[in-house]
Amino acid sequence: MTYVTSLPPAQGDYYFMKEFERTFDSLYEGMQDLSFAGVRRWKELHPGAKSVAFFPVYAPVELVHAAGMLPVLLSGAGDRLDIQHADSRFGSFICSIIKTTMEMAMTRHLEPFDGLLFSSICDSARNLCFVIKRNYPQMYVDFLHLPHSTSDSSVEFLEQEYHRIIIELERLGGAPIQPAALRHSIALYNIQRSLVRKLYELRAQSPHLLRAWESYVLIRSGNFMPVEEHIEILKQALDYLPTRPGKKRDAIRVVIEGAFCEQPPLELIRLLENAGCDVVEDDLAIAQRWFTDDVPLSGDAVHALAESYVHRSVYSSVRHDFSKPRWEGLAEKVRSTRAEAVILLIAKFCEPAYFDFVLFKKKVDEMGLPHLLLEFEEKLFTFDRLRTEVETFVESLVFD
Amino acid sequence: MRIAAGVDVGSTQTKAVLIGANGDGVKVLSRSLIDTGANVRKAAEKAFDECCQAAGIAQADVGFVVGTGYGRYNISFGHTQMTEISCHARGAHFLCPGTRTVIDMGGQDAKAIGVGPSGEVLDFVMNDKCAAGTGRFLANAAEVMGIGLDDIGPLSLRATRPVKIATVCTVFVESDILSYLSQGKKPEDIMGGVHLAIAKRTMSLARRVNIEPLVTMTGGVARNIGMVRALETVLGQKIIVTPDAQFMGAVGAALFSLEKLGESFESSVWREHAVSSRD
Amino acid sequence: MAEKPVSEYRGSIHQQQKDLMLDWYQHLDHAAETGDPPTVSMMISGNCVELLEGFGAIPQYPEVNALQLAIRHQSLEPILAAEEMGYAGDNCAYVKADIGCMLKGITPTGGRLPKPTLVLCNFVGCNTYVKWFEHVAAFTGAPLFVLDVPFLRNDTPSQADIDYVVRQLKEVVGQMEELIGRKFDYDRFRQSVAYSSEVEDLWSQIKHLAKNSPSPFDAYFDAITLMGPLYVYRGKREGVEFFRAALNELQQKVKAGEGVYDQERFRVVVEGPPPYPYFRTFRDMFASWKAVAVASTYSTVGGLWEFGFRHDAKNPFESVAMHMLAQNVTNRNYLQRYDQIRRYVQEWNADGVIIHFVKSCRLFSAGQGDMRDYFTKQLGVPTLYIESDLEDPRYFAEAQTKNRIDAFFESLEHAKRTATHAVGA
């Protein structure tokens, strides 16, 4: 697959730019690799170390990291895996990522992982956790109850839940997790998250310097590699990007909402941009943007993580938090990025997204903002119909 | 000789089979096949009539009639009904001894049946709410490409690079095919891709039962050599097909019918004939 | 022509149950008029109806409203209204029917439903519940409290789980006191928990009566009909009286050797909610085979009591918490459901399992293929898998469903015949 970059580069920067541009390809390859070669390599380099994968949307990766393990986000298999076996376990009206994840389990693609973490995001994902548990009893498979409440009792509860996970991770890894190690992990992930925040800011301000598909690859690839490596890549990107040659273009500023779990194919994101949209905000990388600012490093680390989950976090369709309703959160995203339209990008059969659509739509209508509902599946590989819908939408906004 | 009949009233076609049993054993005497059309009752009567004529046997000499298929409650001259699942299992057991799995691909549904040593149904799974994996899917594809239904199988066997079929919807596959044709893809590669997609879907369904050899294919689609080969490729095993594959339901029904000849009509095992009525 | 098998349980308690439910709707209508008594909207699953007694409040159950509509063949109109508003075809149809009713001012009995004093989402596993009640709160303007009950991810709840729920129950108490300007009556609450405990014992005994052959009632279709008072009157004296009468009536049937049909040919365990818009038709498909359900998982959504759990008036908050955490089918994990069904098959002596997949409900249905795999391949229990929906009348294929049911019982019948032959030979 070749990626066409926006415009020809200035002469002096040609070599450096070409090198950097090439990284997008290799990062993307890493994200798509179902053999998880990167994980296997990491395990070879760290004999005896474990890798724990987690199903979307959020997991306390700092706990895994502090245990000396590599956390990896399970992202389904798109159209790279034919569903031949998972259909017999999960039937119709279930989103694709559930089935591709099951298919991956049934075709031994999840072998590099020593543990799997699921959480309370939706009914299908929860059942998937226990179906996998039954079929692969040799794996450490766990379910985190992330609270659907924002009271003080929720923080205390989550703290206990994290302690429970710590005990399991210690058992899996054969060594205790030191508080200092946990603080160190939190500090690292704080850095990663702040770099991600900066990238999003840059993109919102200057979309011509960073395309949405590029930021997608830059940021989400971090889910498949050690955080230390990812921090370096993000730093390099932030150094280079402001100097990148690129011309501003006349495009519609849009917010993408709804694709927080099953992911759209990269081609779909590029399609949106090529049709004339600048994606100034999205929820495509929530795992790395869960906290609104740094998790405090003072005090008890586990408490800090739990408290941050409950009180210092972004809104999400997969959790209940009425201290600020999600549609208000969406309104704020629109205002702070001066967006002109909202694209509700929803995975087929994603029940939380379908529900939130009703109230998001209501809010967006109240704000007098145009919106487009697009349903996708991760396994799409032809896009004619979607392209028509998006182009029509953009044309209707441009030529009004 | 005891003579028994089975009538299989399917959504597209109706089949009838006469079976005779005497000291020499059990054998199929005749078969008939007609389009079901709008009048199910008439179709059943016509199929039965033609079948008796083909065997040179008077209708009154047929001792017992079992009806099967979706139209089984509309057979005016039937004595009782059995589902086609039970009949396909029984028929396959008789015509292909050693059958342990039946894959039935009909006009509008597909099923997989786990069969026991005496032809009994151990387990079954059906796809009957969607035409993906059925004859209808193939028929639509054939029509879009302007190829006869009898030719698509052999054509698909000539594929060297079968195309990837994205959709499971039999309507949307038409636009996919047109798209491939406009891209200049070869008809055999397109047909190969269509067959492979259906085979994968069917095997995905079938895996819900324990697939054990011998695997026998029944139903009208079994006449499509391309489909048989595609299934064998996906399954990784030889699949048995008999010339009577399309009549399997009627054969099984006739065998049940034979079993009941001579037994009391009030046998508690058999339900009294009940023609369906709307409430 | 043999008489068509009676496909409905008829007894005096059937009428009593109807009266109790109508009475409840009348109270709700009165509350809509006068604002008294206060009402609390709750979900059926793992409901803490005992708590309401401490406030003299009565429950509203949107799920019951939804299923009542479906049984009366009135669910399509509100579903369509909700879809016009933006709900997806694949959203849970219970929610759509309920929201649609609010939009169109429809109620199951024609009487009014009050704006709830509190929308109390007892989140016990079903994530849809949370969304549903968020929408109810958004559309009615009523205050919302989400009672976050930790999912039963290990065999038993941890102390942290229990403490968390107890704390939240007390928060609910505080919030209700503010809303209605009245103090929580702790004694009434404890008395309610005591009544619950009695009702549970009676209900459990009723469930165990199905172990008899013939079973005096169908533990799916009849149990569903009896469930209404279990959720509305569990913490009240009327509930105790009703279930005492029900148990008595069914015990008489056992003594007389009376089953559901003139003959009990097959005993099955049923998993999943029923297709409410086709309740009668669906039942007839089993009745034609004289197949009786001896146990069901759906009848344990409100609570699972046949294995010994009872509310405890000496520890009212803790036992309410335990019920919500561990003793209802929706907050229990999927593998625990397999185990529940397995126990039913073995201890209630069933011939097979019927898995009814419903499009609306992923909590029940996501992964039922694996459940089927467990029962057929691992345990060798004959299992039938059928599909439709619990609320939306557009998703029921009568001929196909009947075909599958017939094929299943044909094979069971064949198995029974060959077994007896083996024995007889």
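Modeller: A helix axis is here a line fitted to C-alpha atoms over the stretch in contact, and the angle between two helices runs from 0 to 180 degrees between their N-to-C directions. The model is predicted. In chain C, helix α7 (residues 159–180) packs against helix α12 (residues 316–326) at an angle of about 115 degrees, and the two axes lie 9 Å apart. Angles of 65 to 115 degrees count as roughly perpendicular, and α7(C) and α12(C) are therefore roughly perpendicular to each other. The crossing of α7(C) past α12(C) is right-handed.

The contact can be described residue by residue. From α7(C) come Asp161(C), Ile162(C), Val165(C), Val166(C), Leu169(C), Lys170(C) and Val173(C), and these meet Phe317(C), Glu318(C), Val320(C), Ala321(C), Met322(C), Met324(C) and Leu325(C) of α12(C). By class, the contact comprises 11 nonpolar and three charged residues, with no polar ones.

Turning to the cavities, a search of the whole structure finds 15 of 30 Å³ or more. The largest cavity holds about 240 Å³ of space. Its lining consists of 27 residues, and those closest to the centre are Ile121(A), Cys122(A), Asp123(A), Glu351(A) and Pro352(A). Two chains take part in this lining: α5 (123–135) and α13 (351–366) of chain A, and α6 (127–140) of chain C, each supply at least two residues. Of the contributions to the lining of the largest cavity, the largest share is that of α6(C), with five residues. The lining of the largest cavity divides into 13 nonpolar, six polar and eight charged residues.

The second largest cavity contains about 160 Å³ of space. It is lined by 17 residues, and Phe54(A), Val61(A), Tyr189(A), Asn223(A) and Gln288(A) lie nearest its centre. In chain A, β2 (70–73) and α7 (179–205) each supply at least two residues of this lining. Strand β2(A) gives the most to the lining of the second largest cavity, namely four residues. By class, the lining of the second largest cavity has 12 nonpolar, four polar and one charged residues.

In summary, the part of chain C described at the outset is a right-handed crossing of two roughly perpendicular helices. The largest cavity has α6(C) as the main contributor to its lining, whereas for the second largest cavity that place is taken by β2(A).

Technical notes:
Residues numbered from 1 in each chain as written. Chains lettered and ligands numbered in written order. Predicted model: local features only at pLDDT ≥ 70, side-chain atom pairs only at ≥ 80, totals over all residues. Heavy atoms only, no water. 1 Å grid on protein atoms, 1.4 Å probe; cavity = no way out; pocket = protein on both sides within 12 Å on 5 of 7 lines; lining within 4 Å. Points joined across faces, edges and corners; volume = space filled by probe spheres on them. Nonpolar A, V, L, I, M, F, W, Y, C, P; charged D, E, K, R; others polar. Parallel < 35°, antiparallel > 145°, perpendicular 65-115°, else oblique. Left-handed = near helix turned anticlockwise from the far one by under 90°. Contact = heavy atoms within 4.5 Å.
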